[in-house]
Amino acid sequence: MMHTFLPTWQHVKPLGRTMQTADSLVLAFSATGAEFAFTGCCCEVTLAGDNHAGDADRADGYARVAIDLDGQRVVDTMLDTAEKTCTVLKADTAAPHVVRIVKLSETAMSICAITAIAVDADEIRPTPRKEHLVEFVGDSITCGYGVDDEVAEHHFTTRTEDATRAYAYKTATLLDVDYSLVSISGYGIISGYTDTAEVPVTSQLLPDYYEKLGYSEGAYGGVTPADVAWDFTTRQPDVIVINLGTNDDSYCLDHADRQAQYCAAYTRFLYTVHAHNPGAMLLCTLGMMGDRLYPYVEKAVAAYRAETGDQQIACMPFMPQLVEDGYAADSHPTEATHRKAAQKLSAEIRRLMRW
């Protein structure tokens with residue numbers, strides 16, 4: 001006999017920044033989701049797309065969601081309809097299982113929700129919370145932009161975006177920690193990505209949405225993520241990795257005044273992050289798609305440390321991607337590049353935190 005459960009925190013462990021409504025769990029940022037355990041032989045999960053699901057003109061922006069069963073991916077689907085029920089397990093013998101539901105695509109294009117979980121068991125249980133939580137703040141690199149399409153000349157679609165194959169998620173896996181991603185493709189500190197470098201793209205600044213559930217062109221059940229303030233008391237991260245500047249560099253180039261502006265704005269953002277997470281170690285990094293602004297990351301960190309006396313902050317450069325590791329869509333990092341970055345970042349976090 002099947003029993004249906006709502007995805008409340010009583011029944012599932014939230015992954016990243018999620019929002020409970022009366023009948024669903026809303027997912028916006030990359031890699032948000034839920035995880036639960038049960039003992040049985042059947043499981044179905046019902047997902048809901050946002051108000052743009054099914055609009056053929058927006059097919060490149062549908063939410064992409066994966067479901068893993070005992071660490072193996074069994075569902076990988078695009079939410080191209082208002083609602084979709086996915087079969088996760090149908091077996092002959094009952095056994096203990098862990099189910100993880102993860103939004104692979106980013107917040108800007110679409111959001112989605114988990115609306116129901118049906119199993120042939122009397123209960124589902126949240127999986128245990130990990131000892132540590134690491135937050136990753138970034139842009140398309142953190143989102144896993146194009147990682148499923150290793151052709152540099154191809155362009156963006158959520159069909160080839162997979163945050164679980166990118167460095168942030170991989171770092172969390174290597175460290176065996178819980179995670180949260182706050183990332184939007186094309187966004188920066190003082191400017192989003194620009195082809196012209198004539199004026200900054202001030203409509204695409206990540207600090208504007210750091211304190212929110214997300215930002216999206218889509219809405220679900222009346223929920224627009226940019227209108228929802230994130231409750232930082234839910235759980236405080238132990239480490240916050242900030243990887244912002246790749247898009248700013250398209251505006252700053254070699255202009256010293258713009259680079260100084262980036263440095264000053266970066267320092268202000270550090271104050272914001274620290275104010276909401278006073279006990280966290282801040283680790284600032286840059287470089288996978290170019291490291292021209294990295295010296296200004298170091299200057300921002302030095303300025304923040306000098307002004308506050310706070311020693312819970314550090315820098316670490318990423319190595320720029322290598323030709324031999326290939327390029328994904330729009331010359332973004334491949335999984336090979338992300339893997340190397342995760343290995344370096346996880347080692348640095350272990351060193352800093354003595355984990």
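Biologist: Tyr-167, Ala-168, Tyr-169, Lys-170, Thr-171, Ala-172 and Leu-175 are the buried residues of H2. How should I read a list like that?

Modeller: Keep in mind first that this model is predicted. Then set the list against the length of the helix: seven of the nine residues of H2 are buried, so the rest of the structure largely encloses it.

Biologist: Which elements cover the buried residues of H2?

Modeller: The cover includes strands E8, E11 (133–138) and E12, along with helices H1 (140–143) and H6.

Biologist: Which residues make the contact between H2 and H6?

Modeller: There is a general idea that helps with such lists: an α-helix has 3.6 residues a turn, so residues three or four places apart point the same way. In this case H2 contributes Tyr-167, Lys-170, Thr-171, Leu-174 and Leu-175. From H6, the contact residues include Glu-335, His-338, Ala-342, Leu-345 and Ile-349. Sorted by class, the contact of H2 with H6 holds seven nonpolar, four polar and four charged residues.

Biologist: Let me try another pair. How do H4 and H5 cross, left-handed or right-handed?

Modeller: The crossing of H4 and H5 is right-handed. Their axes come within 8 Å and cross at roughly 50°, which means H4 is oblique to H5. On the H4 side, the contact includes Gln-259, Tyr-262, Tyr-266, Leu-270 and His-274, while H5 brings among others Tyr-296, Ala-300, Tyr-304 and Glu-307. By class, the residues of this contact split into 11 nonpolar, four polar and two charged.

Biologist: And how do I read a nonpolar core?

Modeller: The general idea is this: in soluble globular proteins, nonpolar side chains tend to be buried together. In this model the largest nonpolar core has 41 residues, and those touching the most other members are Val-137, Ile-242, Tyr-262, Tyr-266, Phe-269 and Leu-270. At least two residues of this core come from each of strand E13 (239–242), helix H3 (248–252), helix H4 (256–276), strand E14 (281–286) and helix H5 (294–308). H4 gives the largest share, seven residues. A second, separate core has 28 residues, among them Val-134, Ile-141, Leu-283 and Met-316.

Biologist: Which residues is Val-137 in contact with, leaving aside neighbours within four places in sequence?

Modeller: Its contacts are Val-182, Leu-206, Tyr-210, Ile-240, Val-241, Ile-242, Asn-243, Leu-244 and Phe-269.

Biologist: Is Ala-197 buried or exposed?

Modeller: Buried means under 20% relative accessible area. Ala-197 has 12% relative accessibility, so it counts as buried. Arg-354, at 79%, counts as exposed.

Biologist: Last one: how do I spot residues that sit apart in sequence but are brought together in space?

Modeller: Compare the sequence separation with the C-alpha distance. Glu-83 and Cys-112 are 29 residues apart in sequence, with 9.7 Å between their C-alpha atoms. Glu-83 lies in strand E8 (residues 83–103) and counts as exposed, at 52% relative accessibility. Leaving aside neighbours within four places in sequence, Glu-83 is in contact with Thr-46, Leu-47, Ala-48 and Thr-115.

Biologist: Where is Asp-23 found?

Modeller: Asp-23 is in the loop between strand E3 (18–20) and strand E4 (25–27). It is partly exposed, with a relative accessible area of 45%. Asp-23 and Thr-8 are 15 residues apart in sequence and 8.4 Å apart from C-alpha to C-alpha. Beyond neighbours within four places in sequence, Asp-23 is in contact with Leu-6, Ile-114 and Thr-115.

How values were computed: Residues numbered from 1 in each chain as written. Predicted model: local features only at pLDDT ≥ 70, side-chain atom pairs only at ≥ 80, totals over all residues. Heavy atoms only, no water. Core = buried A, V, L, I, M, F, W, Y, C linked by side-chain atoms within 4.5 Å. Buried < 20%, exposed > 50% of the residue type's maximum accessible area, 1.4 Å probe, protein only. Helix = DSSP H or I, 4+ residues; strand = E, 2+ residues; numbered from the N terminus. Contact = heavy atoms within 4.5 Å. Axes fitted to C-alpha atoms, helices over the stretch in contact; angles between N-to-C directions. Parallel < 35°, antiparallel > 145°, perpendicular 65-115°, else oblique. Left-handed = near helix turned anticlockwise from the far one by under 90°. Nonpolar A, V, L, I, M, F, W, Y, C, P; charged D, E, K, R; others polar.
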